[in-house]
Amino acid sequence: MSFKRPEHKAPPELFYNDEEARKYTQNSRMIDIQVQMSERAIELLLLSEKRPYYILDLGCGSGLSGSVLEEQGHNWVGLDISSSMLFVAKEREVEGDLLLADLGNGLPFRPGSFDGAISISTLQWLCNADKSCHNPVKRLYAFFSSLFACLTRTARAVFQFYPENSEQIELITSQAMKAGFFGGLVVDYPNSTKAKKYFLVLMTGGNMPLPKALSDGEEHASHVQFTNRREKYKNLKGKCVKKSKNWILEKKERRKRQGKNVRPNTKFTGRPRSGRF
Ligand SMILES: C[S@@+](CC[C@H](N)C(=O)[O-])C[C@H]1O[C@@H](n2cnc3c(N)ncnc32)[C@H](O)[C@@H]1O
């Protein structure tokens with residue numbers, strides 16, 4: 001485990017204390033990076049019309065990302081677990097409504113309330129178990145399913161995040177898919193150690209092509225689209241869906257070839273059960 005990563009040093013509500021929160025008003029490099037990533041996340045939302053949208057900022061912190069939303073004419077609501085960060089946002093006199101909340105507990109909004117969501121440098125925190133009662137799989141699912149519910153059916157949610165490894169990407173995307181989202185990863189500047197940025201682009205209303213990743217000259221921009229379970233089955237060309245009639249027949253044939261005792265096939269073999277007792 002690397003102790004260089006903030007999420008391994010302390011839980012977020014402790015790590016983002018008054019001292020850390022101050023950096024978001026004083027460290028110009030940090031501010032520039034946050035603003036740039038927020039602009040890119042909003043671009044990836046692909047908001048089609050020139051009008052104000054109602055956007056969630058998940059892990060809104062000091063309100064830098066919220067200010068970018070404001071500059072572009074949008075209304076926003078921000079959630080964060082750190083009171084020190086939210087205090088800085090209040091000092092900044094942001095226009096968005098601020099809520100002290102742990103994303104891992106799910107979002108407390110009515111269905112279909114928001115046109116989109118952005119999140120900057122927050123998602124990787126949900127992969128940690130900071131308390132004995134924390135289960136990252138359950139927390140990610142609670143988060144994504146409540147997010148799916150409170151977005152409109154044509155909305156996108158864009159997360160810039162810092163995955164620690166490929167298992168973490170798999171953990172996050174699998175829970176997002178399970179919650180009903182389509183989408184995938186857009187990796188900007190994939191060959192640059194410094195500029196490389198991961199954006200998880202989630203969609204509520206079906207599988208659309210992902211926006212192009214940014215790249216420098218020779219680099220090959222990269223994106224990885226994932227499909228949800230139903231789509232995956234549609235694409236299983238030539239392979240049998242598990243527990244389907246063909247899958248059972250193939251399995252029985254295989255076991256016969258292995259010399260195992262196999263019951264003869266009847267008209268009931270592989271028939272879906274009615275579910276009645
Ligand atoms: C890098 S900061 C984001 C900064 C923010 N975009 C801004 O403009 O200041 C990451 C934020 O994620 C928040 N965070 C981490 N885990 C969280 C959780 N489980 N629930 C809510 N917020 C969380 C932290 O408190 C922190 O403010």
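1. Helix α4 is mostly covered, with six of its eight residues buried; a residue is buried if 20 or more other C-beta atoms lie within 10 Å of its own, exposed if 12 or fewer, and partly exposed in between, with C-beta atoms placed from the backbone. The buried ones are Leu64, Ser65, Gly66, Ser67, Val68 and Leu69. They pack against α2 (18-26), α3 (28-44), β1 (54-58), β2, α5 and β4 (114-120). Helices (H or I, at least four residues) and strands (E, at least two) are DSSP runs, numbered from the N terminus.

2. A word on what you are looking at. This is a predicted model, in which local features need pLDDT of at least 70 and side-chain atom pairs count only at pLDDT 80 or more, while totals for chains, interfaces and linings use all residues. Residues are numbered from 1 along each chain as its sequence is written.

3. For the overall picture, the protein chain has nine helices and eight strands. Of its 277 residues, 34% count as buried. Among contacts with a separation of 6 or more, 66% join residues 24 or more positions apart; two residues are in contact if their C-beta atoms, placed from the backbone, lie within 7 Å.

4. Helix α4 comes up again at the ligand. There are 24 residues around the ligand, and Pro12, Gly59, Gly61, Leu64 and Trp125 come nearest; a residue is near a molecule or strand if its C-beta atom, placed from the backbone, lies within 6 Å of it. The elements that give two or more residues to this shell are α4 (64-71) and β2 (75-80). By class, the shell has twelve nonpolar, ten polar and two charged residues. Here Ala, Val, Leu, Ile, Met, Phe, Trp, Tyr, Cys and Pro count as nonpolar, Asp, Glu, Lys and Arg as charged, and the others, Gly among them, as polar.

5. Now the sheet. Eight strands form an open sheet with mixed pairing, in the order β3-β2-β1-β4-β5-β7-β6-β8; two strands pair if DSSP finds at least two bridges between them. The edge strands, each pairing on one side only, are β3 (97-100) and β8 (222-226). Neighbouring strands are turned by 15° against each other on average, direction ignored. Helix α5 (residues 83-91) lies across β2 and β3, running at about 165° to β3. Axes are lines fitted to C-alpha atoms, for helices over the stretch in contact, and angles run from 0 to 180 degrees between N-to-C directions.

6. Strand β5 (residues 151-161) pairs with β7 in the antiparallel sense over six bridges, with Val158 opposite Val201 and Phe159 opposite Leu200. Strand β6 (residues 182-188) also runs antiparallel to β7, joined by seven bridges. There, Gly183 has Leu202 as its bridge partner.

7. The largest nonpolar core has 61 residues, and Ala117, Val158 and Leu200 touch the most other members. A nonpolar core is a set of buried Ala, Val, Leu, Ile, Met, Phe, Trp, Tyr and Cys residues joined through C-beta atoms within 7 Å. Not counting residues up to four places away in sequence, Leu200 touches Leu123, Phe159, Phe161, Ile172, Gly183 and Leu185. In soluble globular proteins, nonpolar side chains tend to be buried together.

8. Tyr198 also sits in strand β7, but it counts as partly exposed, with 18 C-beta neighbours inside 10 Å. Leaving aside its neighbours within four places in sequence, Tyr198 is in contact with Gln160, Phe161, Pro163, Leu185 and Val187. Tyr198 and Ala213 are 15 residues apart in sequence and 9.6 Å apart in space, C-alpha to C-alpha.

9. Finally, two backbone angles to check by eye. Most residues other than glycine have a negative phi. Glu93 has a positive phi, near 55°, and lies in the loop between α5 and β3. It is exposed, with 8 other C-beta atoms within 10 Å. Tyr189 has a positive phi too, near 45°; this residue is in the loop between β6 and β7. Tyr189 counts as partly exposed, with 17 C-beta neighbours inside 10 Å.
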